[in-house]
Amino acid sequence: MSATLPTFVTNHIPLLKDYKAYFSTLSRYRLVLYLEEMISLDEFCDSIQGRLGGWLEQRRRVLITLNTRGSARKVWQLLEQEWPEDKRDIPLYFISSDVTPKDRMEIVDEIKEGTPCIVVSTQSIEAGVDIDMDLVLRDFAPLDSLIQIAGRCNREGKGPRGTVEIYDITNENGHRYSAMIYDAIHLQVTRSLLQEGSDVPEEEVLSLSESYFDELSRKKDTGQEHLERFIRWLDDTPVKEWLRGKERLQYTFIVSEQDPELLDALAAAATVKDRWERREAWRSLASRVANVSIQVDAKPGFNPLQIANELPGELWVLRQGYYNKAGGLNIEGETMIF
């Protein structure tokens with residue numbers, strides 16, 4: 001089962017036979033495309049800085065979604081610095097994988113209350129987060145991701161048609177953030193479909209997505225080359241790597257103050273003598289660990305002992321001062337760069 005109907009899945013049966021009729025009645029948002037020229041992150045920040053006062057005066061609900069932790073953090077920090085004192089009653093939220101799942105869920109619950117706010121996030125907010133915003137600004141991404149984030153704009157359809165602004169943002173070296181995260185073919189197909197117009201109402205999104213999946217199905221890799229290499233006993237990329245990407249060394253940092261009893265539970269699990277029972281003890285604590293931890297990729301020159309104490313099981317307990325709910329993991333003074 002799928003929320004979409006990609007054409008490369010054959011013999012599918014729609015649960016709604018006349019599903020197109022439902023799409024034709026929706027007019028909650030429009031995609032406004034600013035893709036003619038690339039814009040640097042600094043230029044994007046300058047434009048947001050100029051619009052902040054208007055958003056706050058109008059008490060709007062604004063979502064700004066970037067493609068990387070670093071670019072999202074830079075935008076959040078700018079807004080935090082520019083926030084006027086007389087508008088401190090309007091919250092500024094930051095959601096990324098630098099924030100523990102526990103805090104992210106609490107932030108989302110606060111956003112759902114429907115009061116004016118500005119949210120800066122990575123794409124981690126796209127799937128499974130039911131929030132309703134007046135305005136969305138999004139760094140360029142594949143069409144399915146753009147439609148996902150658009151679903152957070154005027155989600156309930158109770159307000160006037162909302163706007164989802166799409167930008168093509170680059171870093172200081174002129175490299176697109178979208179290319180750092182997403183597959184090149186998906187980006188290419190999306191760009192070719194969107195370059196024909198600068199304004200796409202929601203009513204046209206279904207036909208646009210069907211064209212998107214049609215084009216992807218024509219460009220898809222059938223795996224023929226890899227099948228031939230397998231038959232001939234030749235070296236090839238492991239299947240696991242094709243499905244999940246290359247395994248990267250990561251550190252798991254636990255924010256222990258969010259679950260004060262967790263460290264004692266982990267210590268007790270480590271003392272279990274029977275290895276199978278010990279494994280089960282660790283497994284029983286996995287969800288608690290995941291709820292209050294942050295995973296980051298290892299970077300050259302960084303030693304996790306700079307900011308954390310090591311635990312058995314390749315876990316690290318983050319020291320005080322390196323995490324807060326507002327900004328998540330804060331290691332700007334260290335040599336780890338995201």
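**View A. Helix α2 passes helix α3 in a right-handed crossing.** A crossing is right-handed if the near helix is turned clockwise from the far one by less than a right angle, and left-handed if anticlockwise. The model shown here is predicted; local features need pLDDT of at least 70 and side-chain atom pairs count only at pLDDT 80 or more, while totals for chains, interfaces and linings use all residues. Residues are numbered from 1 along each chain as its sequence is written, and side-chain values use heavy atoms, with hydrogens and water left out. Helices (H or I, at least four residues) and strands (E, at least two) are DSSP runs, numbered from the N terminus. The axes of α2 (residues 41-57) and α3 (residues 69-82) come within 10 Å and cross at roughly 35 degrees. Axes are lines fitted to C-alpha atoms, for helices over the stretch in contact, and angles run from 0 to 180 degrees between N-to-C directions. On the α2 side, Leu41, Asp42, Phe44, Cys45, Ile48, Gln49 and Leu52 are in contact (heavy atoms within 4.5 Å) with Ser71, Lys74, Val75, Leu78, Leu79 and Glu82 of α3. These residues of α2 and α3 comprise 8 nonpolar, 2 polar and 3 charged ones. Ala, Val, Leu, Ile, Met, Phe, Trp, Tyr, Cys and Pro count as nonpolar, Asp, Glu, Lys and Arg as charged, and the others, Gly among them, as polar.

**View B. Helices α7 and α8 cross at roughly 135 degrees.** The axes of α7 (residues 184-194) and α8 (residues 205-219) come within 10 Å. The two helices, α7 and α8, are therefore oblique to each other; angles under 35 degrees count as roughly parallel, over 145 as roughly antiparallel, 65 to 115 as roughly perpendicular and the rest as oblique. The crossing of α7 over α8 is right-handed. From α7, the residues Ile185, His186, Gln188, Val189, Thr190, Leu193 and Leu194 meet Leu208, Ser211, Tyr212, Glu215, Leu216 and Lys219 from α8. By class, 7 residues of this contact are nonpolar, 4 polar and 2 charged.

**View C. Val205 is found in helix α8.** Its relative accessible area is 5%, so Val205 is buried. Buried means under 20% relative accessible area, exposed over 50%, and partly exposed in between (1.4 Å probe, protein chains only). Not counting residues up to four places away in sequence, Val205 touches Tyr29 and Ile147. Asp98 is 107 residues from Val205 in sequence, and their C-alpha atoms are 32 Å apart in space.

**View D. Strands β3-β4-β2-β5-β6-β1-β7, in that order, form an open sheet of 7 strands.** The pairing in this sheet is mixed. Its edge strands, β3 (92-95) and β7 (199-201), each pair on one side only. The twist averages 15 degrees from one strand to the next. Two strands pair if DSSP finds at least two bridges between them. Between β1 (residues 29-40) and β6 (residues 162-170) there are 8 bridges, in the parallel sense. Val32 stands opposite Glu165 of β6.

**View E. An open sheet of 4 strands has the order β9-β8-β11-β10.** Its pairing is mixed. The edge strands are β9 and β10 (308-311), each pairing on one side only. From one strand to the next, the twist averages 35 degrees. Strand β8 (residues 250-254) is largely enclosed by the rest of the structure, because 4 of its 5 residues are buried. With β9 (residues 293-297), β8 pairs in the antiparallel sense over 5 bridges. Tyr251 faces Val296 in β9, and Phe253 stands opposite Ile294 in β9. With β11 (residues 315-318), β8 pairs in the parallel sense over 3 bridges. There, Ile254 has Val317 as its bridge partner in β11. In a regular strand the side chains alternate between the two faces of the sheet.

**View F. Arg278 lies in helix α12 (residues 275-284).** Arg278 counts as partly exposed because its relative accessibility is 27%. Leaving aside neighbours within four places in sequence, Arg278 is in contact with Ala269, Ala270, Val272 and Lys273. Ile307 lies 29 residues from Arg278 along the chain, and their C-alpha atoms are separated by 28 Å.
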